[in-house]
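Q: Please take a close look at one part of this structure, a single sheet. Then set it in its surroundings.

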Amino acid sequence: MSNRIVIEPGAKAKHYWKDIWNYRGLFYFLAWRDVLVRYKQTAIGLAWSIIKPLFTILVMWFIGWLFSSQVPVGVPRILLVSAAALPWQFFSGAFSEISNSLVTNSNLLTKVYFPRLIVPLSTIIVALIDFCISLALLVVIMCFYRFVPDWKILFLPLFLLLAIIIAIGTGLFIGALNVKYRDFRIIVPFIVQIGLYISPVAFSSDYIYNSSRIPEALKFVYSLNPMVSVIDGFRWCIIGSNSTIYLPGFLISIVVSFFFLIIGIWYFRKTEHSFADVI
Amino acid sequence: MEPAIKIEKLSKKYILQHQAKESYVALRDVMTNNVKKVFSGEKSTRPTTEEFWALKDVSFEVNAGERLGIIGRNGAGKSTMLKILSRITDPTEGRVTINGRVSSLLEVGTGFHPELTGRENIFLNGSILGMGKREIQAKFDEIVAFAEIEKFLDTPVKRYSSGMYVRLAFAVAAHLEPDILIIDEVLAVGDAAFQKKCLGKMEDVSKHGRTVLFVSHNMATVTALCNRVAIMEKGRLKEIGDTEAIINSYLHAGKKNTGGYRDDSPASANAKLKIRSIRILNNNSLSVSELNNENKGFVEIEFEVLQEGRGYDATIQLNHFQYGVIFTSCIKDVDPVESNTKVWQKGTYKYLIELPMNILRGGDYSVTAASAIPKVEVLDVFEYETTFSVFDSISPVAKTTEGRNGAILPVIEWRKV
């Protein structure tokens, strides 16, 4: 018979990734459930996908204006902020959902077998859909300022992919920890809150890297934030010629992103067999 | 032919931490414990841990097409076994080889989302249980008809009555078509008519040559459904064999207690009610393990109400070892309306239930008992299954030595018209 299963202690599934592929139907249904449930019994429903990023943009725009952070010549400040707020909004949504997904789906984990990675991965879909809707906001702002992006906009999906990688890496790590230590349920919103201020949303990375007032060591610490590369990348794609990327900082940030991805998957796989026992 | 399931020396160890009261560990506890360790300079401050073998050296095989029942008391390792077989948790030692597609049903309605409609939940639950989208679509109408919820297909399940909810959940599960089906006591839900339907469906499943693993603590249900039985005790396999042989040895062991059990263990802190004893009494009010259907026979139940409250109800279930459930009877049956408003004061209550001896077949029976606030919560399930046998001396079968089908033997007058 082809369907032969051997259960042994610590047996790392030999066909781990193939198994995940076989369960893609479940991935699809879980994502579909999350999308359906998202705005059930809300008055304005889908409009929330616009309102949340809109207010983030407005507040960050106001803060940038208040402290008169640098804006490249010929670029409206609100566009600079939007190009950063949207990927940030995506990351914070995806990261929080992934981190909490295992605990919220604990009834599934303790009752049915499936590759555990399906649960956190399927939650990204909701965040992606929210992101796509909020892109409309960006288009409206661009139209309003008659701002035409150049060919670099074609690279946007690459940076979205990078944001997904960061969200998965950090989310899996924190999510797996959350199964055992519920402290992380409290830490997650805190990380998201702090992250908004240490990422270049209200200001631009150019300012940090070009400032003589900021010590080199601090610049290095700044570039360790993986979202810096995503946001800089988004700005580079959207604003185009008026935006530059500080390459060393950008590369460090990308390396950190992949480091998180590897750590996240490693820790998740290491602990997943005991999820049902400790959750 | 290879066995459908082969279990070799399966063991599962849990570490019990006596200090931790929460079900999960907070980071703070880990840190403070480590700090304590540093300052006291000794290892003994570690929370006292104890190894607990939920399962130890269990080996057996299940052949394809067999219906194996696994029974045992609470803590015998049944659930752990199920979890390992369903690949939810890893064993500590040993090895299981499974040949065929497995579906396990540890709960009815796993993954149901209250906000989603019946239609949506059928798809969601089906895919969680391992069905493909096309498979669900093909069986969709059948599932809906089985659950009898046609009218409410597009209503969110949170608006369903508990009965409808369970029916829908079971309907999806009942339409799984795996080679091997692993079932926990999910049948203990829903109304009687629906339970019967489910049992029928399960028998269908095994007739189609599928392997069924059924776990229960009710000996009679298992023996009625399965052709082989495994008895587990304290994490070990105590006995395995053909149903008949197992019943005999089980009953033989049961003879030592004279048709009754008493449980005087302390109740948990928030328990509202605890069942204390079940006895089988004959017409002289003597506790016995054998009744003759010539005479009267009674079940005596004693329970303690620990918190004053409304709507409490107790149930006894009479099971025949070959025919399964014969009937269930509740206190409130006599006056369903009044019993909803009656306030139960704290104290001990004792009831005597007369068995309809004149229609009972000869053979081996068991009585199980539970208490609940119907449709709200389960208050207590009596852990012990009281066994007794009935000697038939009055039925037509006894008088004529003819065979006769059916779980009961009523003598009914045929009036000529």
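A: What follows walks through one sheet of chain B, then its chain, then the other chain.

The model is predicted. The sheet is open and has six strands. Across chain B they run in the order β5-β6-β7-β3-β8-β9. The pairing is mixed. Strands of a sheet pair through backbone hydrogen bonds, either parallel or antiparallel.

Start at the edges. Strands β5 (102-105) and β9 (236-242) of chain B stand there. Each has a single partner strand, so one side of each is left without a neighbour in the sheet. Neighbouring strands of this sheet are turned against each other by 15° on average, direction ignored.

Now take a parallel pair. Strand β3 of chain B covers residues 67-71, and strand β7 of chain B covers residues 211-216. These two strands pair in the parallel sense over five bridges.

Next comes an antiparallel pair. Strands β8(B) and β9(B) are joined by six bridges in the antiparallel sense. Here Val229(B) has Gly241(B) in β9(B) as its bridge partner. The two strands β8(B) and β9(B) form a hairpin, with two residues between them.

Lys234(B) lies in the loop between β8 (228-233) and β9 of chain B. Its phi is near 45°, a positive value in a residue other than glycine. Most residues other than glycine have a negative phi.

Chain B has 10 helices and 21 strands. Of its 417 residues, 38% count as buried. Take the contacts in chain B with a separation of 6 or more: residues 24 or more positions apart account for 71% of them.

Confidence comes next. Chain B averages a pLDDT of 82, and 86% of the residues score at least 70. Among the elements of chain B, helix α1 (residues 27-40) has the lowest mean pLDDT, 66. Strand β13 (residues 297-305) of chain B has the highest, 93. For the complex, the predictor gives an ipTM of 0.83 and a pTM of 0.74.

Chain A has a positive phi to show as well. Arg146(A) is not a glycine, yet its phi is about 45°. This residue sits in the loop between α7 (124-144) and α8 (156-180) of chain A. Arg146(A) is exposed, with 6 other C-beta atoms within 10 Å.

One helix of chain A can be checked by its span. Helix α4 of chain A has 28 residues, 77-104. At 1.5 Å a residue, the helix should span 40 Å. Its end C-alpha atoms are 39 Å apart, which agrees. There is still a kink of about 25° in α4(A), centred on Ile98(A). Helix α4(A) is mostly covered, with 23 of its 28 residues buried.

Last, the place where the chains touch. The contact takes 30 residues from chain A and 36 residues from chain B. On the side of chain A, at least two residues each come from β1 (4-7), α2 (24-38), α5 (106-109) and α14 (275-278). Helix α2(A) gives the most to that side, with six residues.

Notes:
Residues numbered from 1 in each chain as written. Chains lettered and ligands numbered in written order. Predicted model: local features only at pLDDT ≥ 70, side-chain atom pairs only at ≥ 80, totals over all residues. Pairing = 2+ DSSP bridges. Helix = DSSP H or I, 4+ residues; strand = E, 2+ residues; numbered from the N terminus. Axes fitted to C-alpha atoms, helices over the stretch in contact; angles between N-to-C directions. pLDDT = per-residue confidence, 0-100. Buried ≥ 20, exposed ≤ 12 C-beta atoms within 10 Å, placed from the backbone. Expected span 1.5 Å × (residues − 1). Bend = angle between axes of the 7 residues up to and from the residue. Contact = placed C-beta atoms within 7 Å.
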